Amino acid sequence: MSSVILKDIVKRFGDFTAVHKTTLEIPDGAFVTLLGPSGCGKTTNLRMIAGLLDPTEGEILIGGKRMNDTPIHKRNLGIVFQNYALFPHKTVAENVAFGLKYRKVSRDEIARRVKDALELVQLPHVGDRHPKALSGGQQQRIALARAIVINPDVLLLDEPLSALDANLREDMRVELKRIQDRIGVTTVFVTHDQSEALAMSDKIVVMSAGHVEQVGTPEEVYNAPASEFVANFLGASNIFDAPCTQASAQGATLDAPVFGPVEVAAARAPGVVSGPAKLVLRAEKLQLMPQGAVPTGMISAPATVETVDYQGQTVRYFIRLGERQMQAINMIDERPFAEGEAVLAAFRPRDCAALRGA
Amino acid sequence: MSSVEAREARQPWILLSPALTAVGLLLFVPLIFIVVYSFWLRTATGADVAGFHLDNWAEALTDAFYRDILISTLRIAAITTVVCALAGYPAAYFIARSRGNKMILLLLLMLPFWISYIIRTMSWINILGVSGAINSALMALGVISEPINMLYNETTVILGLVHFLLPFMILNIYVSLEGIDTNLEDAATSLGATRWQSFLEVTLPLSLPGLAAGGLLCFVLGAGTYITPLVLGGPTDAMFANLVFEAIITQLNWPLGSALSLMLLAVLGLLVAIYNRYLGMAQLMKGLG
């Protein structure tokens, strides 16, 4: 078990810079997620940690040791690939035993550890079968068993859930987190799925276009996004220009269009000073109410429902406030509002975040 | 069966019929002629006597001359196949793993097919012949005073066959390597195998079907050739197909030639059948397509 440190890492492919100067510290035993859209450099970072790619500049340290010149087979990492990458010509047990064969482990111990690993992923009886005979979710568990049976220093997961069905993905998410907690291995998880990142991570590293946008706990990146990109990528947000009229140690006051002045706590307004600023209002925090309601402790404005996107438990509304369109995602209480209905849009100032304006 | 179902069942046969007709007329009908011919009898006057005579078969199957040449034909084909596999695998691996210029490399591989096989075979005379490139160069450099005799032996026949068949081997191996997920090798090395170990444990076993398909093609085409030994072989290097050519074209002995060609067909057919039993023809089709 080891920490992972990326020090001033740069990766270029010809003229294209996939990763701009990045410094990251992944503490021992932590579950850290690299989150971002495709092409943001998250997989490139993972592959550099793995040793599948060499960084153009900078250093990679695992357990405090410089790894740049250590070939992949000597790094002692467990990697789970998106498409499982199980060896199709070997049985499940042979797949899981693969890494142990190169580790001077006795035959009896290999058998025992393979059995333990298969039990850990809750597939104790499939050892004799070939991977093709298993379902996608089962294959993914075997891939995980194969990666952890070698007691890796670091577990690297490259979008391991994205090839699974929605239901199975959520089950596997819980399962994966349970296993990681149990063995306590330092884990780097790459995904483009924000709900996976929020549910599983100790820390999330949000990346965009080769840059790290924000590093923080799930609550931090969700509630206090450091940039417009982060606010938009983690869930739906309403973001609009709202000049900051007053900034102090307690917080900042932003003059929001339609709604008027909004006070944002300092923790959620990093670096905001008097002048141009942006107000971030999450779609889930914008509450629609019947016309004539009197919300207490909330700022409100009249609006018209334009589009209703019914999703069972919740509804996503697109509403119009004057010239502005906004999104609101609300739990359904009794019945959803209808398209064209006049409503009151309200939110609590403490649910807002503020960003420095351009 | 409803009329719709009947129509749907007929459809593939309708679409296949032009090809089946061509294959039937150009392959099976002549083959039947050959089978029939092999039981006719050639008389001293040069006239063929129709009927059911086993004389040709008796001669073809018992004469040690034919048996020896059949064995040496199979040996030459086997050596050629092994050389093609050893030389072709690294090349196929390189093409499959190269990134940007894969298409150019494949085009280069196809390029020889644009030149007649006979011309390509004859080009070795200009390279290895008494007044060929190598002898001229060595003599000009003063390394030798007399030209070395390099042509017209079994080695040059094998060389010519390797030259002819190598692209088939490379293409077949390439196709099977292309089908292997590159993550598999990454997974193997991440688990502690060196690159060489991961090749032996993962890539090589998964590419064996392509190697076998390429091997079958090289062996069958190599064993059936008559041009290469004719152009590059000496008087004692005749291969089995040369005997057929000799019997039919030179001696006009169609009955014996028919029996001999059916013998070769049976031996190679047996090989294909064994291959099909264990590996299936689908892999071969992949490599050809």
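**Note on a predicted two-chain model**

1. Start with the annotated domain in chain B. Over residues 70-275 of chain B, the chain is 77% helix and 0% strand. The end C-alpha atoms of this span are 20 Å apart. The span comes from a record: UniProt, in an unreviewed entry, gives residues 70-275 of chain B the annotation "domain: ABC transmembrane type-1". Keep in mind that the model is predicted.

2. For "transmembrane region", the unreviewed UniProt entry lists residues 12-40, 76-96, 103-119, 125-144, 156-175, 211-232 and 252-275 of chain B. Two of these can be checked against the model. Residues 12-40 of chain B are 90% helix and 0% strand, and their end C-alpha atoms lie 39 Å apart. Residues 211-232 of chain B are 86% helix and 0% strand. Here the end C-alpha atoms are 27 Å apart.

3. Now chain B as a whole. Its secondary structure comes to 13 helices and two strands. The C-alpha atoms of chain B fill a box of roughly 85 × 75 × 35 Å along the principal axes. The radius of gyration of chain B is 24 Å, while a compact globule of 289 residues would have one near 19 Å. Buried residues make up 32% of the 289 residues in chain B. Take the contacts in chain B between residues at least 6 apart in sequence: 71% of them join residues at least 24 apart.

4. Chain A has another make-up. Chain A holds eight helices and 21 strands. Its C-alpha atoms fill a box of roughly 75 × 45 × 35 Å, again along the principal axes. Of the 358 residues in chain A, 44% are buried. Among contacts in chain A with a separation of 6 or more, residues 24 or more positions apart account for 67%.

5. Chain A is divided into two domains. Domain 1 covers 4-223 and domain 2 covers 236-356. The C-alpha centres of domain 1 and domain 2 of chain A lie 38 Å apart.

6. Where do the chains meet? The contact takes 16 residues from chain A and 15 residues from chain B. On the side of chain A that touches chain B, strand 6 (77-80) and helix 2 (92-101) of chain A are the elements that give two or more residues. The residues on that side of chain A divide into 11 nonpolar, four polar and one charged.

7. Look next at the nonpolar cores. The largest has 113 residues. Those with the most contacts inside this core are V96(A), L156(A), V188(A), L254(A) and A354(A). The core draws at least three residues from each of domain 1 (4-223) and domain 2 (236-356) of chain A. Apart from it lies another core, of 45 residues, among them I170(B), I173(B), L232(B) and L243(B). As background, nonpolar side chains tend to be buried together in soluble globular proteins.

8. Neighbours within four places in sequence are left aside. V188(A) is then in contact with V4(A), I26(A), V32(A), L34(A), L46(A), I49(A), V154(A) and L156(A).

9. V105(A) deserves a look. V105(A) sits in the loop between helix 2 and helix 3 (107-120) of chain A. Is V105(A) buried or partly exposed? V105(A) is partly exposed, because 17 other C-beta atoms lie within 10 Å, and a buried residue needs 20 or more. Not counting residues up to four places away in sequence, V105(A) touches L100(A) and I110(A). V105(A) and M207(A) are 102 residues apart in sequence and 40 Å apart in space, C-alpha to C-alpha.

10. Two backbone angles are worth checking. Most residues other than glycine have a negative phi. E159(A) is not a glycine, yet has a positive phi of about 45 degrees. E159(A) lies in the loop between strand 7 (154-158) and helix 5 (166-183) of chain A. E159(A) counts as buried because 20 other C-beta atoms lie within 10 Å.

11. Phi of A209(A) is near 45 degrees, a positive value in a residue other than glycine. A209(A) lies in the loop between strand 9 (203-208) and strand 10 (211-216) of chain A. A209(A) has 15 other C-beta atoms within 10 Å, so A209(A) is partly exposed.

Methods: Residues are numbered from 1 along each chain as its sequence is written. Chains are lettered from A and ligands numbered from 1 in the order in which they are written. This is a predicted model: local features need pLDDT of at least 70, side-chain atom pairs count only at pLDDT 80 or more; totals for chains, interfaces and linings use all residues. Two residues are in contact if their C-beta atoms, placed from the backbone, lie within 7 Å. Helices (H or I, at least four residues) and strands (E, at least two) are DSSP runs, numbered from the N terminus. Ala, Val, Leu, Ile, Met, Phe, Trp, Tyr, Cys and Pro count as nonpolar, Asp, Glu, Lys and Arg as charged, and the others, Gly among them, as polar. Domain bounds come from an automatic or database domain assignment. UniProt positions are given in the numbering used here, feature names are shortened, and annotations may be inferred rather than shown by experiment. A nonpolar core is a set of buried Ala, Val, Leu, Ile, Met, Phe, Trp, Tyr and Cys residues joined through C-beta atoms within 7 Å. A residue is buried if 20 or more other C-beta atoms lie within 10 Å of its own, exposed if 12 or fewer, and partly exposed in between; C-beta atoms are placed from the backbone. The radius of gyration is taken over C-alpha atoms; the globule rule is 2.2 Å times the number of residues to the power 0.38.
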